[in-house]
Amino acid sequence: MSEKAVDAQGICKSYKSIHGKQSIVLKNISLKIDQSEIFGLLGPNGSGKTTLISIFSTLIWPDRGSLRILGMDAKSNKETIRSQINISTGKSNFPWSLTVQENLKHYAMLYGMHGQQLAGTVDEVINAFELEEYREMKFEDLSTGLKQRLSLAKAMLNRPKLIFLDEPTAGLDPEIALKTRKLIRGIHKEQEIPVILSTHNMLEAEMLCDRLAFIRKGKIVALDTPDALKHQLKLGEKVIVHYVGKLEIKELEKLPGVLNIIASPGKVEIVVDRTNENLDSIIKKFAEVRILDIKIKEPDLEDVFIELAR
Amino acid sequence: MSWQGELNKYLAGAYKNWIISKRNVFTLFELFFWPLISLLSIGLMTTFLRLGEQMVSFLLVGAVALSVLQVAQIDVAYVLLFDMWSKSIKNTFTAPVRSYHLIFGSLIFGIVRGTVVFTILVTLCYFFFGFNFLEGGLIPVLIFLAGVFSVAAVIGITVCISILTFGQKADVAAWSLSGIIMLVSGIYYPIEVLPAPLEVIARLVPLTYFLEYYRSVFIPGQHNLAIGIILAISYLILGLVLFERSIEKARMTGMILRLSE
Ligand SMILES: Nc1ncnc2c1ncn2[C@@H]1O[C@H](COP(=O)(O)OP(=O)(O)OP(=O)(O)O)[C@@H](O)[C@H]1O
Ligand SMILES: [Mg+2]
């Protein structure tokens with residue numbers, strides 16, 4: 001287990017448009033990811049997350065850089081690597097007219113399974129991902145949530161030693177998204193495999209990931225544990241209060257779990273650590289003033305990047 | 001990997017094509033409607049023109065070859081076309097499969113479908129136009145079909161390469177290539193009637209030789225089957241090498257990703 005799940009050095013990638021214009025998408029990405037990790041890639045649209053995950057999963061090749069997956073050189077061991085990893089993408093697509101079971105069988109065959117082992121594995125993932133009811137349903141008739149689950153199930157077919165998930169909860173309603181996150185954590189725990197995922201969702205990143213990399217315009221601009229990043233960046237939930245009266249800002253700053261305060265006349269924005277249950281003590285500080293409005297805003301990527309840009 | 005596992009990598013493509021075809025009404029058109037229309041129109045034309053037995057056999061062999069070719073080549077191309085249409089190409093190319101798994105897998109299904117079409121058409125020819133394809137025995141039929149299927153594979157591979165190189169719109173190639181083959185390989189006329197430059201091209205198409213060979217069973221004449229076989233095998237090998245390279249290239253250019261969006 002000493003090998004890194006991913007060991008990338010100086011990965012560069014550019015795409016050529018039809019008109020021959022070159023656009024650089026990844027700039028000199030170096031990253032080491034442990035086998036014990038759930039690792040998250042965060043970044044705004046077009047920052048290069050999908051490209052990076054696709055390179056790591058040997059779906060596409062980088063222009064430059066060295067890449068080792070599970071300790072093997074990506075180029076010279078591509079087939080061994082492909083048989084030992086798998087990938088599921090959020091907005092995943094499968095042949096439309098194949099049922100859940102047929103799709104799984106088809107991909108199991110592509111991974112070289114056969115006979116009893118094939119049938120057994122297909123049944124196993126159908127059970128594990130609660131797809132039994134939909135076994136005979138065609139892909140085109142599945143809901144977005146079920147498509148996602150099928151995609152995750154497909155990613156487990158070859159009992160991978162490493163899985164990649166590109167926006168695994170994209171387009172899911174909050175409840176199903178939560179369920180999916182639990183499923184991902186379950187996979188990581190039970191199968192003891194590293195998971196590398198991309199997401200737009202801060203909460204998801206926080207809930208799932210041991211470490212995060214923020215990618216922006218093809219570069220890693222921050223890399224650490226969620227907690228460390230939040231502290232580093234003073235990120236947390238924002239409590240925005242409009243009030244009339246005199247408020248002791250200094251008092252607020254002293255409260256535990258308060259990361260930052262932005263005050264202006266009649267309005268204060270208090271950035272608090274979400275994990276710290278301190279709302280009560282904060283609100284008490286407002287006893288002497290008249291509150292006009294309270295909003296609580298979850299930290300989002302926007303905040304992260306505003307912070308990172310400083 | 002065990003041989004059964006390796007075999008299943010091939011069969012995966014055939015399995016997928018089979019299920020999709022089975023649920024697609026268009027399959028019935030591909031298998032029955034178009035081949036029937038084409039055979040009947042050619043057959044009836046020979047009746048109208050009061051052509052002699054040899055001429056009738058010449059044209060019917062051409063019509064049947066073309067129908068079988070079209071069905072089989074589209075099956076080979078379907079291995080990528082279906083993935084492209086359903087935007088699932090990513091899933092195929094993250095799996096440990098190679099060009100030859102995809103091509104030969106789908107070709108297996110193409111051969112099955114092609115054989116079905118062949119059987120239907122041959123039966124019809126016998127009953128409607130009194131022409132027996134099996135007159136020369138089974139061996140010439142098998143050699144002829146092997147030729148048609150290998151040309152179908154080469155066309156299918158070419159379509160796959162075009163998709164990976166030029167993207168979505170390249171599937172037009174699927175429909176136009178067999179048209180060109182029809183023009184130059186002597187489906188409905190001996191290639192000697194072609195203008196000189198086209199005749200040169202015709203001599204490079206293996207189907208030309210397989211047609212000449214099979215027709216020589218019914219119409220005594222010379223043929224160069226060996227050249228046809230050598231050409232067919234060379235093109236197949238070349239096609240597979242180029243397909244493998246176009247996959248690698250599509251991984252470089254990002255086309256594989258773009259086709260999944
Ligand atoms: N196959 C491709 N060919 C050409 N350009 C591409 C291709 N894939 C992505 N791009 C471009 O590269 C940039 C990075 O795209 P990528 O999909 O990696 O970003 P992302 O972080 O995954 O974005 P999103 O959050 O929208 O999924 C974008 O500008 C995109 O337009
Ligand atoms: Mg993306």
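This is a predicted model: local features need pLDDT of at least 70, side-chain atom pairs count only at pLDDT 80 or more; totals for chains, interfaces and linings use all residues.

A: A strand here is a DSSP run of E with at least two residues, and strands are numbered from the N terminus.

Most residues other than glycine have a negative phi. A:Asn28 is not a glycine, yet its phi is positive, at about 55°. Is A:Asn28 buried or exposed? With a relative accessibility of 54%, A:Asn28 counts as exposed, because the cut-off for that word is over 50%.

A:Leu70 has a positive phi near 50°, and A:Leu70 is not a glycine either. This residue sits in the loop between β4 and β5 of chain A. Its relative accessible area is 8%, so A:Leu70 is buried, whereas A:Asn28 is exposed.

The loop that holds A:Leu70 is the turn of a hairpin: β4(A) and β5(A) have two residues between them. The strands concerned are β4, residues 64-69, and β5, residues 72-73. They run antiparallel and are joined by two bridges. One pairing to look for is A:Arg68 with its bridge partner A:Asp73 in β5(A).

β4(A) also pairs with strand β1 of chain A, residues 6-16, in the antiparallel sense, and here there are five bridges. In that pairing, A:Gln9 has A:Ser66 of β4(A) as its bridge partner. Strands of a sheet pair through backbone hydrogen bonds, either parallel or antiparallel.

Now follow chain A further along its sequence, to an open sheet of four strands. Their order is β12-β13-β11-β14, and the pairing is antiparallel. Why is one side of β12 and of β14 left without a neighbour in the sheet? β12 (258-264) and β14 (290-297) stand at the edges, and each has a single partner strand, so one side of each has no neighbour there. From one strand to the next, the twist averages 15°.

β12(A) and β13(A) form a hairpin with two residues between them. In the turn, A:Gly266 has a positive phi of about 80°.

How is chain A divided into domains? The domain assignment gives domain 1 as 36-58 + 77-224 and domain 2 as 236-309. The C-alpha centres of the two domains are 37 Å apart.

A:Arg181 has its place in helix α6, residues 174-191. Its relative accessible area is 9%, so A:Arg181 counts as buried. Leaving aside neighbours within four places in sequence, the contacts of A:Arg181 are A:Thr169, A:Asn201, A:Glu204, A:Met207 and A:Leu208. A:Ser143, on the other hand, belongs to the loop between α4 (115-128) and α5 (144-156) of chain A. At 39% relative accessible area, A:Ser143 is partly exposed. From A:Ser143 to A:Thr50 there are 93 residues in sequence and 23 Å in space, C-alpha to C-alpha.

The contact takes 41 residues from chain A and 35 residues from chain B.

Helix α5 of chain B, residues 99-129, has 31 residues and reaches 42 Å from its first C-alpha to its last, close to the 45 Å expected. B:Gly130 follows α5(B), and its phi is positive, near 65°. Helix α9 of chain B, residues 206-218, is mostly covered, with eleven of its 13 residues buried. Among them are B:Leu207, B:Tyr209, B:Phe210, B:Tyr213 and B:Arg215.

How values were computed:
Residues are numbered from 1 along each chain as its sequence is written. Chains are lettered from A and ligands numbered from 1 in the order in which they are written. Side-chain values use heavy atoms; hydrogens and water are left out. Two strands pair if DSSP finds at least two bridges between them. Axes are lines fitted to C-alpha atoms, for helices over the stretch in contact, and angles run from 0 to 180 degrees between N-to-C directions. The expected span of a helix is 1.5 Å times one less than its number of residues. Buried means under 20% relative accessible area, exposed over 50%, partly exposed in between (1.4 Å probe, protein chains only). Domain bounds come from an automatic or database domain assignment. Contact means heavy atoms within 4.5 Å.
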